[in-house]
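Have a look at the model first, then read on.

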Amino acid sequence: MIKQRLIVQKIWFSLLKVAAWVNGLALAVIVYFILSRGWRAVSWGFLTQAPKDSMTAGGILPCIVGTIALCLMTILVALPIGVASAIYLNEYAGHGKFIRFIRLGINNLAGVPSIVFGLFGLAFFCIVLKMGVSIASGGLTLGIMTLPVIIGASEEALKSVPNTYREASLAMGATKWQTIRRVVLPTAFPGIITGSILGISRAAGETAPIMYTGAVFFTPDLPASILDEVMALPYHIYVLATAGTQIEATRHLQYGTALVLIVLIFGMNLSAIIMRSKMRKKLRI
Amino acid sequence: MQRHIKMHTKNLDFFYGDFQALHEISIDFIQHQVTALIGPSGCGKSTYLRCLNRMNDLISRIRIKGEAMLDTQDIYDPSVDVVTLRRRVGMVFQKPNPFPKSIFENIAYGLKVNGVKDKANITAIVEKSLKQAAIWDEVRDRLNESALGLSGGQQQRLCIARALAVGPEVLLMDEPASALDPIATQKIEELITELSSKLTIIIVTHNMQQAARVSDRTAFFYMGKLIEVNDTDTLFTKPKLKQTEDYITGRFG
Amino acid sequence: MLKRQVIDKGVHSGFLLIALFSITVLSLIVLFLFKEGIPIFEYVSIKDFVLGQYWYPTDDPADFGIFPLILGSVSVTLLSGIIAIPLGIMTAVYLAEIAPPKVAEIVKPIVELMASMPSVVIGFFGMVVVAPFIQQLFNIPVGLNMFNASLMLAFMSIPTICSLSEDAIFCVPAALKEASFALGATHFETIVKVIIPASLSGICTAVILGLSRAIGETMVVLMAAGGAAMIPGSIFDPVRPLPASIAAEMAEAPFGSEHYHALFAIGMVLFGFTFIFNLIADYISYKFRQVGEASL
């Protein structure tokens, strides 16, 4: 009887193992195609030149610059507000209805579809605040989208600071704010930075929020101010692949751009994780 | 001998919500003496200790009744600045909790948050505190290394030095040696005896032999009540109440 | 002394104000969606909008029935759920209970990398690789359809479902597992009869949030679902889910026109869906987490 149960277990465990590795397979397939069909397009010229001949040749430099500009704007918006919100939630707030209300708001903000952010960005930043299609509008839109991610990561980091550090600090006559500023935040710093980089890397890959608020198909110059419109990597892929007259002719460039984008994002993820483990070693957490 | 009462509580009651954790505790703490608080686990000694520097304020839904005085000042008076109180009444915790900073920065922390800016001054006080805590020789060459690299006993002495740096008049110690090995414990106990000539020390301990070794006076707590308080020698050799005697001789606890 | 207390109070209030920012933004989003979306209902009734079967916004007179769009969203989400939910939960169980640590160290990052793959790349992949493939494999006229989009959406939902479920399974106290083993149950039986029931609320939350992500996802459905605003008859029919409609048509809708307002109204509906999903997920996790902690 027990033998039968063990056989059932063995079968199921194999199935579970297969399920887990299906993910690996799927990821491998996608990466394989992007890599194999894209690497030929990527060259130094590809990365440093602007597009030429109605996009069938040249490079994607303006897209890279645009994506970086949008990411910087996103950090500018989301990091201070996100960390401050997390500090309030973890260090000051109680557990009552009011806090639940705030958390509900954050969770719901996290669940808003990216295109709805785009609509809001268009209606509010571009039109009402008259910023038009610009790095400012796009970055602000991406910023509010990334906010819940940063709040979540920062809260985790703050929670992991042992409470005994706070007690030791207060027992010496430090105020709460001094304790946060001098002990809690420095200790939580690795976690906050990692979470932020992961959040930004997500923002870098987003298309829908910037489609109508920041990104354009083509602009001849690199951006000079935050009120300028930009090209962006994810939007470039989308537009080349779906619109315009040269879809097939630019296919290799689409793959190339996709490759650059995922290398950028994976690179950011990797560096965040490495940074975190290095900083953690220093703090011996 | 001039016996100045540095801190005392009179009929102190303490409530967590509706639960009364302390019942009418009245103890006088005499200056430059070591007073030990003993009693079985959960009897309220740590709670009581944390009332003395208002660390219990950090917990919500607590209530205090009665009197708690530092010299002639009621420490629960609304006009009292808690931050200053905690400078005058320092605390060392059960598990050593140095900050993840360098040894120097750990000691300097208390000074910096209290507004001391002069670098030379800070360095001098850091050295003085580490000497007072009998750890200077062991760390003088590695002040800039992480405090987390020290052994448990060293970390605890570091925490004592850290507490001493801000110049407290009273030092509260919550089972300071319970997480340490016997040799480290001995060093801490020697330190306590030495420090008592300059400070008033109140120490919570579940180790009765430690209380007997180290303290001048001892208070026996049980179930949130103060059963007996007396000179240590007297309490341990001629306890007034049977309950005290039962605890001391190990009949319960 | 007073100055320090004033500063501390000021800092406290300052942080509170900043923490309210998220709620403020959420409210603004709702406000603007309504502000720009409600005007469409002067042109078409709510019932006709939601249940109308014809979406021809550029015709004259225009038809603003989003039922095919809603159906497109629902069908694509459900189909992706059928793929993603079992895969996600099974992967979670594998990672949390069965995988040896060295293997987990490889599989976990794989799932995390899946999560960080940008949606436009996944949509692009669906469009240029999967579409011709299934077109050939199943002998169908067009490879951009519900099936394609569901596959790609599943790829996106699995990491969400997996990591949240894994957290839930991980939180089941070891004591429960040990009790089951001590009674002679096999590991698998323990998983099925003790661990999964104990973490069910967390798994439900994970599934709901995963589906919520799928229904709100834009680029994948924009590029791989086909774009036909019609009620699907089979899984190989092209569809146009709600987000795709908004993204595709925003460029052509003149500012302030009825089409423009209609798109915002679609945004309202979409937001409504995800809002309800999130509310349910929040309710489940709040209600059941309390009970769990109190009894143990």
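1. Phe33(A) is buried, with a relative accessible area of 19%, whereas Tyr32(A) is exposed at 53%. Here buried means under 20% relative accessible area, exposed over 50% and partly exposed in between, with a 1.4 Å probe and protein chains only. This is a predicted model, where local features need pLDDT of at least 70 and side-chain atom pairs count only at pLDDT 80 or more, while totals for chains, interfaces and linings use all residues. Residues are numbered from 1 along each chain as its sequence is written, chains are lettered from A and ligands numbered from 1 in the order written, and side-chain values use heavy atoms, without hydrogens and water.

2. How many aromatic pairs are there over all chains? The count comes to 30, taking rings of Phe, Tyr and Trp (its six-membered ring) as paired if their centres lie within 6.5 Å; planes under 30 degrees apart are stacked, over 60 edge-to-face and the rest tilted. Tyr32(A) and Phe33(A) make one edge-to-face pair, 5.5 Å centre to centre with 75 degrees between the planes.

3. Two arginines in chain B deserve a glance: Arg63(B) lies over the face of Phe15(B), 4.2 Å from the ring centre, and Arg162(B) over that of Phe99(B), at 4.5 Å. The rule asks for NZ of Lys or CZ of Arg within 6 Å of the ring centre and within 35 degrees of the ring normal.

4. Arg162(B) turns up again in the lining of the largest cavity, along with residues including Met172(A), Phe93(B) and Cys159(B). On a 1 Å grid over the protein atoms alone, a cavity is a set of points where a 1.4 Å probe fits but cannot get out, a pocket is an open set with protein on both sides within 12 Å along at least five of seven lines, and lining residues have an atom within 4 Å of a point. H6(B) gives the largest share of its lining, 3 residues.

5. The second largest pocket has a volume of about 450 Å³. Its lining has 21 residues, with Ala26(A), Phe125(C), Val130(C), Leu151(C) and Met152(C) nearest the centre. H1(A) supplies the largest share, 7 residues.

Note on methods
Helices (H or I, at least four residues) and strands (E, at least two) are DSSP runs, numbered from the N terminus. Grid points are joined across faces, edges and corners, and a volume is the space filled by probe spheres set on the points.
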